[in-house]
Amino acid sequence: MTVTLATFMEVLDSSIANVSLPHIAGGLGATQDEATWVLTAYLVANAIILPAGAYMTTFIGRKKFYMICVALFGVSSALCGLAPTLPMLVFFRVLQGIGGGGLAPSEQAILADTFPPAKRGQAFAMYGLAVVVAPAIGPTLGGYITDHFDWRWIFFLNVPICLLSLFLTSRIVEDPPYVHQQVKETQKHGIKLDFLGFGLLATTFGSLEFLMDKGQEDDWFSSHLIVFFAIACVAAFVLMIWWELRQLRTGHRPILNLTLFYKRNFAISFTLMFVLGFALYGTTVLIPQLVQTLLGYTAELAGLVLSPAGFMMMAMMPVVGFLSSKVDPRKLIAYGFIMLTSALVVMHTMNLGVSYNYLVFLRCFQASGLAFLFIPINTIAYIGVKQSENNDVSGLTNLARNIGGSAGTAFMATMLTRRTAAHETNMVRNLSTGNPAFVNQVNALKHMFGQGFQATHSAEAFIYNQLHRQAAMLAYLDIIQYLAVFCACMLPLLFLIPRPPEHLDPGAGH
């Protein structure tokens, strides 16, 4: 419960500001585009610090590092709420992202060390609630706070939770003996921080996050800025891999433990977690956007379409946690991806007349599959890993989910723009005076807008507006279709995962 509290707060903060952007822009005298840096700054800082968290714990200890991150998150949240200008808010969001990015790896490692493998599934079930429920209720809560209070309260809300988390962590959480040993050995040999490794890591994931967040907005490689960041990302990534492997060969502690990818369990878990983030965050953005732009829902009502699915996952997580100690995790993952793919196939039946209840049903159907993925994927990731590498596993699996979420959001934004344009181009060919059906439809609508040329023009504009909505709806359905195929393609990977031990004892995971 202690680590889940901070997790919920951190994951919630990555989505709660989405619906408040227009209010933030208006309150600070900025444009809507400028205000999106409030989201981007947080995600970039988060992506950079996630894989570096394990590295930092070897110098100061996991508990101390975790408490520093919670304190930094709380202080920066208060400063975000007090920010007088947009540049100041963006700077404080970077600090908040650094604090938040250090939380998740430490939390999962704490759970992995506290609970034996046989009970680990139930522990991850409680932790998983925070990860999957927070993005679902974030937009609803953000919309409610913004509509009824002030946007600054979405940041002030974190302060009391941080204080409670600090108190509970100081009383309950303890570092295991091997962490104390790591810190002693590091201090004995002197602290040698891998500055080059961290710089390359920051350049790689910072550029990648910027690329995915701003790519569609700037028309991808038509923009010199996007081309620059793409080249910087690839170059830094190649150099980072070379440098980290060189660090290993020379006996130094690398900032990224790339040897984990030699383990088939971990490599496949990393891929599956990326896809989980891709599908979860992609659809979490897709559904509210669809209902607000095409069905006329308010921000609060759009959030309420997602919220029941959060409760569905809350109900399912303890069940999955119990099953994970009884059933082969590969079977649970297979069931999760089959359910998720089936839900996306059913979602492909949506149209512009879809009801609120049916949308809630579709999202709950999807959530029933997502619940069977998070815990078993994490369980498999830790099998065969040394206890001293638990922090590294946590950092990289969380990074996979976050990068997957960013990629899913970028994919949705890009495909929506391009597929809408393609469908519109196809359909608009029929809007000509040479088409009797179009002429008849214009004549039938003219009486609604009066008489004369203006009435004809208004009738044609009305028909074009309907065409645009239909084209956008078809684009959304295309995206759902691509996601379904993407999720189905993960099933063959499960055959490559070695069979986990049937009776895990407390040391079997290491």
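Me: Which helix does Val320 lie in?
Reply: Val320 is in helix H16, residues 299–324. A helix here is a DSSP run of H or I with at least four residues, numbered from the N terminus. This is a predicted model, where local features need pLDDT of at least 70, side-chain atom pairs count only at pLDDT 80 or more, and totals for chains, interfaces and linings use all residues. Residues are numbered from 1 along each chain as its sequence is written, and side-chain values use heavy atoms, with hydrogens and water left out.

Me: Is Val320 buried or exposed?
Reply: Val320 is buried, with a relative accessible area of 0%. Buried means under 20% relative accessible area, exposed means over 50%, and partly exposed is in between, using a 1.4 Å probe and protein chains only.

Me: What does Val320 touch, not counting residues up to four places away in sequence?
Reply: Val320 touches Ala371, Phe372, Ile375 and Pro376. Contact means heavy atoms within 4.5 Å. The C-alpha atoms of Val320 and Phe374 are separated by 9.4 Å, and these two residues are 54 apart along the chain.

Me: OK, Arg363 next. Where is it?
Reply: Arg363 sits in helix H18, residues 356–382. Arg363 is buried, at a relative accessible area of 2%. Leaving aside neighbours within four places in sequence, Arg363 is in contact with Leu280, Thr283, Thr284, Ile287, Val305, Leu306 and Ala309.

Me: Which residues of H11 are buried?
Reply: In H11, Asn158, Cys162, Ser165, Leu166 and Thr169 are buried. Seen down the axis of H11, the buried residues fall within an arc of 105°, so they line one face of the helix. That arc is taken from the directions from the helix axis to the C-beta atoms.

Me: And what is on the face turned away from the buried side of H11?
Reply: That face of H11 carries the exposed residues Pro160, Leu163, Arg171 and Ile172.

Me: How many residues of H8 are buried?
Reply: Eleven of the twelve residues of H8 are buried, so H8 is largely enclosed by the rest of the structure. Among them are Leu103, Glu107 and Asp113. Helix H8, residues 103–114, reaches 16 Å from its first C-alpha to its last, close to the 16 Å expected at 1.5 Å a residue. The expected span is 1.5 Å times one less than the number of residues.

Me: Which residues touch the most other members of the largest nonpolar core?
Reply: Leu89, Leu272, Phe337 and Met350 do, in a core of 128 residues. Helix H15, residues 264–293, gives the most to this core, with 14 residues. A nonpolar core is a set of buried Ala, Val, Leu, Ile, Met, Phe, Trp, Tyr and Cys residues joined through side-chain atoms within 4.5 Å.

Me: Last topic. How many aromatic pairs are there?
Reply: The count comes to 14 aromatic pairs. Rings of Phe, Tyr and Trp (its six-membered ring) pair if their centres lie within 6.5 Å; planes under 30 degrees apart count as stacked, over 60 as edge-to-face and the rest as tilted. Phe278 and Phe411 form a tilted pair, 5.5 Å centre to centre with 45° between the planes.

Me: What does that pair tie together?
Reply: Phe278 lies in helix H15 and Phe411 in helix H19, residues 390–428, so the pair ties together parts 133 residues apart in sequence. Phe278 is buried at a relative accessible area of 9%, while Phe411 is partly exposed at 25%.

Methods
Helix = DSSP H or I, 4+ residues; strand = E, 2+ residues; numbered from the N terminus.
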